[in-house]
4 protein chains.
Amino acid sequence: MTGNSFGMLFRVTTWGESHGAAIGVVVDGCPAGLKLSVKDIQHELDRRKPGVSEITTERKEADEVEILSGIFEGYTLGTPISMLVWNKDIDSSPYEPLKDIPRPGQADYSYHRKYGIRDYRGGGRASGRETAARVAAGAIAKKILAASDIQILGHVVEIGGIRARETGFDELKKNADQNAVRCADLEAASRMEQLIKEVKAEGDSVGGIAEIIATGVPAGLGEPVFGKLDAELAKALMSIGAVKGVEIGAGFKAARMKGSEMNDEFYLQEDRQISTRTNNAGGILGGISTGAPVVCRIAVKPTASISKPQRSVDMEKLEEVELKIKGRHDPCICPRIVPVAEAMVALVLVDCLMASVMDNFISKKE
Amino acid sequence: MTGNSFGMLFRVTTWGESHGAAIGVVVDGCPAGLKLSVKDIQHELDRRKPGVSEITTERKEADEVEILSGIFEGYTLGTPISMLVWNKDIDSSPYEPLKDIPRPGQADYSYHRKYGIRDYRGGGRASGRETAARVAAGAIAKKILAASDIQILGHVVEIGGIRARETGFDELKKNADQNAVRCADLEAASRMEQLIKEVKAEGDSVGGIAEIIATGVPAGLGEPVFGKLDAELAKALMSIGAVKGVEIGAGFKAARMKGSEMNDEFYLQEDRQISTRTNNAGGILGGISTGAPVVCRIAVKPTASISKPQRSVDMEKLEEVELKIKGRHDPCICPRIVPVAEAMVALVLVDCLMASVMDNFISKKE
Amino acid sequence: MTGNSFGMLFRVTTWGESHGAAIGVVVDGCPAGLKLSVKDIQHELDRRKPGVSEITTERKEADEVEILSGIFEGYTLGTPISMLVWNKDIDSSPYEPLKDIPRPGQADYSYHRKYGIRDYRGGGRASGRETAARVAAGAIAKKILAASDIQILGHVVEIGGIRARETGFDELKKNADQNAVRCADLEAASRMEQLIKEVKAEGDSVGGIAEIIATGVPAGLGEPVFGKLDAELAKALMSIGAVKGVEIGAGFKAARMKGSEMNDEFYLQEDRQISTRTNNAGGILGGISTGAPVVCRIAVKPTASISKPQRSVDMEKLEEVELKIKGRHDPCICPRIVPVAEAMVALVLVDCLMASVMDNFISKKE
Amino acid sequence: MTGNSFGMLFRVTTWGESHGAAIGVVVDGCPAGLKLSVKDIQHELDRRKPGVSEITTERKEADEVEILSGIFEGYTLGTPISMLVWNKDIDSSPYEPLKDIPRPGQADYSYHRKYGIRDYRGGGRASGRETAARVAAGAIAKKILAASDIQILGHVVEIGGIRARETGFDELKKNADQNAVRCADLEAASRMEQLIKEVKAEGDSVGGIAEIIATGVPAGLGEPVFGKLDAELAKALMSIGAVKGVEIGAGFKAARMKGSEMNDEFYLQEDRQISTRTNNAGGILGGISTGAPVVCRIAVKPTASISKPQRSVDMEKLEEVELKIKGRHDPCICPRIVPVAEAMVALVLVDCLMASVMDNFISKKE
């Protein structure tokens, strides 16, 4: 069934297989009059792009985006924006032997069971490569959000058990995008990078935790009771391949807190604005943003593709086999997921921001 | 904007305020020919109902459901099923003084900011009472799932730091619904209950973790790349008021695992079926069910309504105040969220099960 | 499958069978802060209500609406508005003999084939009674539209071949709702009424054409290329039971015109506004409103329920039978469809009006 | 807002401007395992393609479709199918002078009012060229329908007042696609062609009526009460640029019939199937297909682009002007709309056919 669209007002439809001709996205609902260029998109794609450091996959994709519609003389038309990236550095040969052998932890087996047919080359539609389309769409969303002073910042807070110390927002902003692991605690970052290299040498992989913070989010975003902001964020983030958990604000820690600890008390700022000093709620109460920063964390599992031998089953011959995956893979996908997670958060926020305009459709009761 | 519907094929629309005339739900898309009675629904509502034990709110609601349409001579017609529960034990007086004072951790402030108007009585639309409508709809979903041998079982695994030991599925099934905290480890259950009573005595509240397991889920459910089964579950569960985190399978633990530990290797069962011995994936790979049990856990925050004094701000007078909440509240909402979470998982699964029929729409390539 | 919701931003879900407990509607997406009372709804329901004149069905329903949620102290909350009307004057006895015999021109046969089960009493879900729910929702839509000076006016232009002469808008407004056939040409109205009585005496029924005009519609409503204003109107109007045709502006006459006759030329009004002197487009170009009145016409078939003997087939016994329908029916449904068609037009317009706010989301390029 | 997607289960999203880089479509929800090649799509595109006869526009577009995703080794994967057609024979020069002058009967003015910006070259998004994407998607729909023995056949029944005589289905099938006007009455076809040439010589254009018949449609398609088959067809057909009216079965003629004439009586066929001898219902009762052929007719207005001088207003200078349109246009678009209308009917039917599978989700009550 249909499942390749996301969003209601800012609606994104992605398409493409990893080793097909191209991957792409159609953005429907982007308002007219937005200044938009290829450069805006390319900048974000470059942040996600493979082959840029020692700890990412060796697949080299220029990932140059083309915009095929929806823009005229540098501005959006209000019509669908179609973007694509051609697949270029394709080597399907390592996948031939895996045609009938599902890789543990990958989508091979479940796709086979669901569709009865699958493009086994490079993971097909289930490849992380699909997320390039999300990042392209997210770049537009970010541009719209930026015009409303909403900023989205992702960073890695933990890899293989190594935790970053808590950093202030300015430090985050300064450091997070400056190292290969996208961790703002530079000392931890260097240990994380070291660990990833070791794990790679073992033919293994490692997981981590990333955090996405959105600042400048106005109060009032989110559509109860099912389209709550946190519910949409959870869906958006959990729809990223390697994500196994999502938490908002205090998250799982909340389960061990008392109400008197968890509740963020209200106070009056000097400027007479109502605010809270703590943010255990992660900027969301009752599924609606409060005006405090929106804080989400995601658990990223270790990359499923490892070169260590693993057991599997040949689905044609129905016999157990030992499997060695070659291909080119990231030993830790967590850093590269950061821009993808940012894109998903941006898609949710822009959709909710547009929806929130409806809240003022009727001049309010005096 | 619209946000009160859930699901695409089995589509649920809930309505109602806590202290309004009634709360209810319309289920559109329930196939014709299902044997269905008020008893099927009432059974699940009774599991969620307040006022049944010492550790739940004292509000007493019979929560008797009425079915107003969609059933004829005991069978569903394929037309919308409208159900409602009248609100009876309403006492809005404790809410009058809170009209302008948002309770910390509650939706008061964010609703006020979003809508400019709110029904402050009993939490209005943001009340946990809204979940009765979900449970009613979920009861229908469960009945459909049961006909396909899909069972959903929720239980509490942790409250206020007290963890239940791991129990086998049979023990779960036998014990989980038998005690006030819905914990299958009876020894832990008794300590949890004790803790909740203590916390209640302090005028405080406490959080916990619940787990929902779905067995019998066939391989192939979930609609990549955005309608993935885990993404839909995350949205469904995070849309429940007090939930701050959702994880699937190994969840946040996956962040500390290596690929060689995390990956569930495939083997051939004696009956020549492909299976895995571990289930770190929680029954979902690439957003599609594998046939293994689907396992989700949710972090439930401590009930926001506590009688301990808290700081807040009078939004009319714009001055800080001390707040004492009276009303009637659950000191730990985690046990009562279990049937709600089960309902949400059921709604997701029935929707995905119906969608999966499309996968066989075309006779597959030989 | 789901099919009982209409609209995207102002989303209406109807439910209920003709001889079930009640019929109702949930309106999701109505903005907060709208002043709304039962009276607003009742007024429109009374216009549709049966049993008010000699030429309508004798079923007597008070059709008193109850609002169960979404309103607080006289204003909408932004939460779902649930409304219902209890079915009271039910006499299912005439339907018993028809249990297995599909009435020609009715939905009996197709419902039977689709669902395998049907509530045969009074037409069940396929009854015109379902439209009361649409009218209730439409009443809210009309109120929102009125605040933007958008008026919707329906009237009958033809019955059984008797055509009303063209009347100016003021005459329409004054006369259309004042007679039993809802025709503004009073002379024609009287002949139409006479014809309906004759046809009723014969045990037969007769069809007609109604026109719906919306004035004050701002330019810019409609969402190309599939959510065009005319496309949404066509769906909305064709979804009414007895409607077999929909046309916009010149409609089918356009098929016989030349481009030079059909095109509405632009000119500059005295107030420097761009306008057209003709309105063959019916106020819509490229699927978007132009600012001119939106004009739709619908072909309403003769009521299928006639007391003249008809041939049918007993679906159980598989033998041909002669059928005589008793029940209580309108010999011409066209006049009573007018408020329903108005409601559907209102639902489309309010949805498009809300959507059009997005067009100004970004301050336009200078 | 979003408006460029159509369908719920077989979901089509089109994009592209007439003089942009390309136009295209993403089909989400096409089931896996369908044998599909470029040739299947190209065949339908060739039927719509401009520049093939004396009575169509002179723009010459090869309209060669590329499939970029969703197909693997000749079969659909169940993932989105992305298709595009590059725009090649572009000459935007005739549009430069019209930048600020809306052409009567075109979407220029309404797009300008809605979006504040528009791609004026070749009609931009409002161009008939957009329908190539619909035809490409429709080709897939037709292939799926054909596997269920559902055939869709469009033909022209009237042009400029010249009516074709009624022809049997076999004659239709044989003749309709064999002449430039797509009329199965060859004698009328030749008169129509003559008229179009005369009108073209005058610098004018002419309208017409086309009929689309779907045979083999099983009983049970359509989702009351808003997703009725006729409602969806009306939307689908009215969403085509030049269409001003849609009717089903007897259509507007029904308005002049009595119930005893209109109702299609049921009888028992020799093979014991229930059927009707007449088909005034056009194969749809209560919004659900009956098993009889589904019959729709559309009123197509004369092409708005005519070379005769017309009055308009310069929107920049705010002064009235005389306008002469150059460009390349069809003097009668009706014949070229036939494959587009077929595509839209196919999209509706495939969506409803897929939805109807849900009707048998539960084994029916005995």
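**Exercise 1.** Which residues are linked with A:E44 in a network of salt bridges?

*Solution.* The model is predicted. In chain A, the network of salt bridges links A:E44, A:R47, A:K142, A:D177, A:R182 and A:E342. Over all chains, the structure holds 108 salt bridges.

**Exercise 2.** Determine how C:K143 and C:D40 are paired, and where each residue lies.

*Solution.* Step one is the distance. The closest N and O atoms of C:K143 and C:D40 are 3.0 Å apart. A salt bridge requires such atoms within 4 Å, and the two residues do form one.

Step two is location. C:K143 belongs to helix α3 (residues 131-147) of chain C and C:D40 to helix α1 (residues 38-48) of chain C, so the pair ties together parts that are 103 residues apart in sequence.

**Exercise 3.** Classify D:K308 and D:D204 as buried, partly exposed or exposed, and describe their link.

*Solution.* Buried means under 20% relative accessible area. D:D204 has 4%, so this residue is buried. D:K308, at 31%, counts as partly exposed.

The side chains of D:K308 and D:D204 meet in a salt bridge, 3.3 Å from N to O. D:K308 sits in the loop between β16 (294-300) and β17 (310-314) of chain D, while D:D204 sits in the loop between α5 (186-201) and β10 (208-215) of chain D; they are 104 residues apart.

**Exercise 4.** Decide whether the ring pair A:F72 and D:Y120 is stacked, tilted or edge-to-face.

*Solution.* The structure holds 18 aromatic pairs over all chains. In this one, the ring centres of A:F72 and D:Y120 are 5.6 Å apart and the planes stand at 85 degrees, so the pair is edge-to-face. The pair crosses between chains: A:F72 is in strand β5 (residues 71-72) of chain A, and D:Y120 is in the loop between α2 (108-115) and α3 (131-147) of chain D. A:F72 is buried at 6% relative accessible area, and D:Y120 is buried at 8%.

**Exercise 5.** Describe the interface of chain C and chain B.

*Solution.* Start with area: the two chains bury about 3300 Å² between them, 68% of it on carbon and sulfur atoms. Next come the pairings. On the side of chain C that touches chain B, the elements giving two or more residues are β2 (11-16), β3 (22-28), β6 (75-76) and β7 (81-86) of chain C. The largest share, five residues, comes from β2(C). Finally, the residues of that side divide into 18 nonpolar, 15 polar and nine charged.

Definitions and conventions:
Residues numbered from 1 in each chain as written. Chains lettered and ligands numbered in written order. Predicted model: local features only at pLDDT ≥ 70, side-chain atom pairs only at ≥ 80, totals over all residues. Heavy atoms only, no water. Buried area = accessible area lost by both parts, 1.4 Å probe. Helix = DSSP H or I, 4+ residues; strand = E, 2+ residues; numbered from the N terminus. Nonpolar A, V, L, I, M, F, W, Y, C, P; charged D, E, K, R; others polar. Phe/Tyr/Trp six-rings, centres within 6.5 Å; stacked < 30°, edge-to-face > 60°. Buried < 20%, exposed > 50% of the residue type's maximum accessible area, 1.4 Å probe, protein only.
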